[in-house]
Structure formats: structure tokens, C-alpha cells
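Colleague: Before I use these terms myself, I would like to go through the labels attached to this model and hear what each one rests on.
Modeller: Then let us take them in turn, with the structure in view.

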Amino acid sequence: MCSLELFKIDLKGLTEEVTALEWNLDKDFFDALDQTEVEGGALHVSLSIRKASGFFELQFHTVGTVDITCDRCLDLMEQPIETDNQLVVKLGTATPEDDDTVTVDENEGILDTSWFIYEFIALAIPIQHVHAPGKCNPAMTKALEELSADRSGDEESSQTIDPRWEKLKDLLPRPLS
């Protein structure tokens, strides 16, 4: 089981120089977050933290693949992911109105990056998840084709066209013979 404690960063303990951290993510990471979109994967995350006066600039680079469900055949598929993200973090007591920064309680000083990493990965996944042509489950593809052919045939034969709309067909140009 993946311990999410590895992703907690003590911001107060960082030095003025750039700090670099790296993690390898797998199925255990996604299971520990208890979410459903990503089934697993093999990803490498590099984090560079630059401490400036009054804030921290975090640069995330994530590369690898995630296992997600194909929208067409419902089998698992590997989706390549590569993303670069930036996060600005400030220590403070009140949550500012600025949506571009994250405020961490000054007394605690601990930033949990696990959910940010997951969100960056989830945002990098395309909206439509479909296998490459010819890679979908053949049994499911065949069943989908049969069902869509049945539905289209039934709709055309069972639907009667309103006579008002039927008259519009007379306006269509006729082929020349």
C-alpha cells in the first residue's frame, strides 16, 4: 500500500536553494487516493521547489502511462501522459481571494502534494478514452456494430414522418437523367 505521507512537504524546513524531489507512481498511489477514474499506471513525477521571499514556486513534470477504461469497449487501456504544471504556495493564516495560489497554514507549514499530483494527471487525460484503431475488444466491437445496425434499421422503419415535413422533400433538387 502506498503511503501518502511521502508526498507531504515541510515548507518551513526548505532552504533557499532549489529542492528537487522525485516519485514513481503505480496502482497503489491511485488506490490510496480512493478515486475511480484512473485504475493504475506507471508514472514518474519530478518536483522542483524554489523558495522565494514570501512564496514557494513548485514545478511538476509528470511522464508515463495511466490505465483507464476505454469508452468504446470498456477494457483497460494505457493512456500516455506527459504534463508540466506550476503551483505557487504561500504560508499564511487566511485564504486569499487569489485562485492562482495555495495557502498553507503558517503554524503547520506542511503541503500535501498527493492530490495536486492526481489532479494534474487527471487533467492531462483526454476527454475521450478510446483504443487505437483495431485494438478494442473484438467481441464488444462486434456487439456494438450489431446493436447500432439494429437500432438504425428499427428507427427508420418505425418512425413516420410528419406530413408537414414530408412536403419539404419535394424541394430537394432532383438528379438529372
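Colleague: Which strands form the open sheet, and in what order?
Modeller: In this predicted model, five strands form the open sheet, in the order β2-β3-β4-β5-β6, and their pairing is mixed. The twist from one strand to the next averages 25°.

Colleague: What makes β2 and β6 the edge strands?
Modeller: Each of the two, β2 and β6, pairs on one side only.

Colleague: How do you know that β3 and β4 pair, and in which sense?
Modeller: Pairing asks for at least two bridges between two strands, and β3 and β4 are joined over 13 bridges in the antiparallel sense, so the two count as paired. Within β4, E57 is the residue that stands opposite R50.

Colleague: Why is S53 called exposed?
Modeller: The relative accessibility of S53 is 71%, and the term exposed applies over 50%, so S53 counts as exposed. S53 is found in the loop between β3 (40–52) and β4 (55–69); its C-alpha lies 9.2 Å from that of E16, although S53 and E16 are 37 residues apart in sequence.

Colleague: And why is H131, in a loop as well, called buried?
Modeller: H131 has a relative accessible area of 15%, whereas buried means under 20%, and therefore H131 is buried despite its place in the loop between α2 (114–124) and α3 (138–158).

Colleague: What makes the approach of H131 to L76 a polar contact?
Modeller: A polar atom of the H131 side chain lies 3.4 Å from the backbone oxygen of L76, and the cut-off is 3.5 Å, so the pair falls within the limit. Leaving out residues up to four places away in sequence, H131 also touches C70, C73, D75, M77 and C136.

Colleague: Which residues touch the most other members of the largest nonpolar core?
Modeller: Of its 36 residues, these are L25, L58, V66, V89 and I117. The elements that give two or more residues to this core include β2 (19–25), α1 (27–32), β5 (76–92) and β6 (101–105), while α2 gives the most, with six residues. In soluble globular proteins, nonpolar side chains tend to be buried together.

Terms used
Residues are numbered from 1 along each chain as its sequence is written. This is a predicted model: local features need pLDDT of at least 70, side-chain atom pairs count only at pLDDT 80 or more; totals for chains, interfaces and linings use all residues. Side-chain values use heavy atoms; hydrogens and water are left out. Helices (H or I, at least four residues) and strands (E, at least two) are DSSP runs, numbered from the N terminus. Buried means under 20% relative accessible area, exposed over 50%, partly exposed in between (1.4 Å probe, protein chains only). A polar contact is a pair of N or O atoms within 3.5 Å; within protein, one must be able to donate a hydrogen and the other to accept it, and residues adjacent in sequence count only if both atoms are side-chain atoms. Contact means heavy atoms within 4.5 Å. A nonpolar core is a set of buried Ala, Val, Leu, Ile, Met, Phe, Trp, Tyr and Cys residues joined through side-chain atoms within 4.5 Å. Axes are lines fitted to C-alpha atoms, for helices over the stretch in contact, and angles run from 0 to 180 degrees between N-to-C directions.
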